[in-house]
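Here's a quick briefing to read alongside the model. Have the sequence and the 3D view open as you go.

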Protein chains: 2
Amino acid sequence: MTIRDVAERAGVSTATVSRALSGARPVSPAVLEQVTRAAGDLGYSANGIASALRRSRTDTVGMVVPSIANPFFTALVEGVEHALQQAGRQLFLCSSRSDPALEAQRLRSLVARQVDGIIISPVHGVRSHDAVSWAAGQLPLVQVDRYVAGVDSDWVGVDDHLALRLVVDHLADLGVRTAAFVSSTLTNSSTELRVAGFQEHTARRGVAVDQVLLGEYSIDWGREAMRRLLAAGPLPDAVACADDLIALGVLQVCAETGVSVPADLLVTGFDDIPYAALSDPPLTTVRQPQDRIAGEAVRLLSAALGPDRAPPARSALAPSLVVRSSTGITPSG
Amino acid sequence: MTIRDVAERAGVSTATVSRALSGARPVSPAVLEQVTRAAGDLGYSANGIASALRRSRTDTVGMVVPSIANPFFTALVEGVEHALQQAGRQLFLCSSRSDPALEAQRLRSLVARQVDGIIISPVHGVRSHDAVSWAAGQLPLVQVDRYVAGVDSDWVGVDDHLALRLVVDHLADLGVRTAAFVSSTLTNSSTELRVAGFQEHTARRGVAVDQVLLGEYSIDWGREAMRRLLAAGPLPDAVACADDLIALGVLQVCAETGVSVPADLLVTGFDDIPYAALSDPPLTTVRQPQDRIAGEAVRLLSAALGPDRAPPARSALAPSLVVRSSTGITPSG
DNA sequence: TTGAAAGCGCTAACAC
DNA sequence: GTGTTAGCGCTTTCAA
């Protein structure tokens, strides 16, 4: 079932069928009618691979994220998919599973499959460099959320420095004098900026930094980190976390061990995933404008796909603070 | 930068380059070395589109799910991606956003892009029929979790009937005499089987069915349903939910309105998403063997990609009950 | 407006 | 083990 079958049935050339079906060039109404009918009768659907080879474009965009289980990335992916769809493009989604080697493989695969462009949230600030840099040299590429330095590409994400200012100011205003920070090992831009922001703003507000614990972005690491804080001696006034998953793990251990939040300890997260409002107690967190990040990423990529070469853009969008019970009034208080 | 450039540089034919790089046929060590070096020097990476056109296969599998924000599907997707990767295939992921029209469009697009096969969790038991049936006629297709009846394809999912037996027996054993069920509108196989299972097993155990509320699989619908139950008068002894998102919404409203779970009301979910253990109180739920479902789906698809045509397989895998505080002892009790 | 024909980059016969 | 060559299905010159 190829374009030739349709051409024969409609009594025209393959060129005419192509033009009629794609609408690329005008075709007489009578012929259009015939071709449309013939294609319909035959149940013809064009071979996108052949078309892509000929046109050397696939109308497909690849996206690589460290995890599709993390609701933050899920929301980002949904936003990107939606925005792309409106631009008539498809999304080819890959998970790098936080593994630079797998990430490199995914990028090679996307380039081999001739996607028109790539949106990536790189795993690692250093170990992702070569693969991302190579890919950016092959085709238009936009980094989201995290970025690797030294790659000539656009970036869109949240203003991490501002975000930590919102968190620390909120805690300091509540009278916090000592605070710990639980984050991921310092391997990418976002993480580094969040830790740096925490250090800077606590210093500015005269809040003593109790501990900075580095692990990974997961509930399990949050649980582990909270256990370590408990084992280390007297708790600080607050624990700020670099993402909501960590914070949810921290809250879970608090509930298990009888640490009352917020009476004994204030806890904050980052991302405002849907489950942040459902924990015990509901979590105060930083809301990222994911839809705007996704939309901007697609916009930048579309621009990069166009003819004119613009200099790399970096846009840091403003986050907002969502205050819930984990730093607020306890229900029984 | 094509295979011809590599061939010229290596001083061999394009066919030899193809053979050397793909390993499809033996090549002398010296030539292999030359070709590899030439390709490396040039930074050559093969054009997968051209290769796909020639071989008429893409080594790519398409997957369509109703939502990538639902952690249940996220876990399923991760499992499928992992299993495919081991089989040397890539995943092309699409979200149908629970919209049959969008789902049909995604299927058309996947077929046009010549994926080798499709794994789909259909949106709707009836309205997905035509598109899924058409796609199944074009290429190998496996349905997961949900299915549309009357399509000649494999299916893998959980044994919903058994699952509801586990839930109802657990509740009945705890002394529950009246129970409500909160689910999605009856539009697909899973949902129907869960409601039917609830009805049947409550009847068997002599538990009176208070109400069956049908909406959608979301936290918001869980909230809304619980509000309706509160407004309707005396609460039943238990509320069973058709998925964890609904149950989390129910629990949230309970917490807000002072309904003590499990003292005043028992609540159960379905799926055992990661957040089911983090709610207030932690949620008793049915654990689906997602990894096994994903693995089995890929296995069935691989079989369907092979030469021999087997009759459609239906495998319903056994779930297990995970008991947590929402039906257990209250911490203060 | 339409058709003939070239060719996108690759791989698989088929020869040697 | 290697080269020559045809052709996957489509789009797009070019000519009519």
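**Around B:Pro236**

Setting aside neighbours within four places in sequence, B:Pro236 is in contact (heavy atoms within 4.5 Å) with B:Thr178, B:Ala179, B:Ala180, B:Asp210, B:Asp264 and B:Leu265. Bear in mind that this is a predicted model, where local features need pLDDT of at least 70, side-chain atom pairs count only at pLDDT 80 or more, and totals for chains, interfaces and linings use all residues. Residues are numbered from 1 along each chain as its sequence is written, chains are lettered from A and ligands numbered from 1 in the order in which they are written, and side-chain values use heavy atoms, with hydrogens and water left out.

**Loop residues**

- B:Pro236 sits in the loop between α10 (219-231) and β8 (238-241) of chain B; helices (H or I, at least four residues) and strands (E, at least two) are DSSP runs numbered from the N terminus.
- B:Pro236 counts as buried because its relative accessibility is 3%; buried means under 20% relative accessible area, exposed over 50%, and partly exposed in between (1.4 Å probe, protein chains only).
- From B:Pro236 to B:Val126 it's 110 residues in sequence and 33 Å in space, C-alpha to C-alpha.
- B:Ser96 is in the loop between β2 (90-95) and α6 (100-112) of chain B, and is buried, with a relative accessible area of 0%.
- Not counting residues up to four places away in sequence, B:Ser96 touches B:Val64, B:Val65, B:Pro66, B:Leu102, B:Glu103 and B:Val123.

- Most residues other than glycine have a negative phi, and most peptide bonds are trans.
- B:Arg97, in the loop between β2 and α6 of chain B, has a positive phi near 50° and counts as partly exposed at 32% relative accessibility.
- A:Ser56 isn't a glycine either, yet has a positive phi of about 45°; A:Ser56 lies in the loop between α4 (48-55) and β1 (60-65) of chain A and is exposed, with a relative accessible area of 61%.
- In chain A, a cis peptide bond with omega of about 10° joins A:Val261 and A:Pro262, and A:Pro262 is in the loop between α11 (244-257) and β9 (266-268).
- In chain B, a cis peptide bond joins B:Val261 and B:Pro262, with omega about 10°.

**Helix packing**

- Helix α8 (residues 160-173) and helix α9 (residues 189-205) of chain A pack at about 40°, with their axes 8 Å apart; axes are lines fitted to C-alpha atoms, for helices over the stretch in contact, and angles run from 0 to 180 degrees between N-to-C directions.
- By class, the contact of α8(A) with α9(A) has 5 nonpolar, 5 polar and 8 charged residues; Ala, Val, Leu, Ile, Met, Phe, Trp, Tyr, Cys and Pro count as nonpolar, Asp, Glu, Lys and Arg as charged, and the others, Gly among them, as polar.

- Leaving aside neighbours within four places in sequence, the contacts of A:Val182 include A:Leu213, A:Trp221 and A:Ile246.
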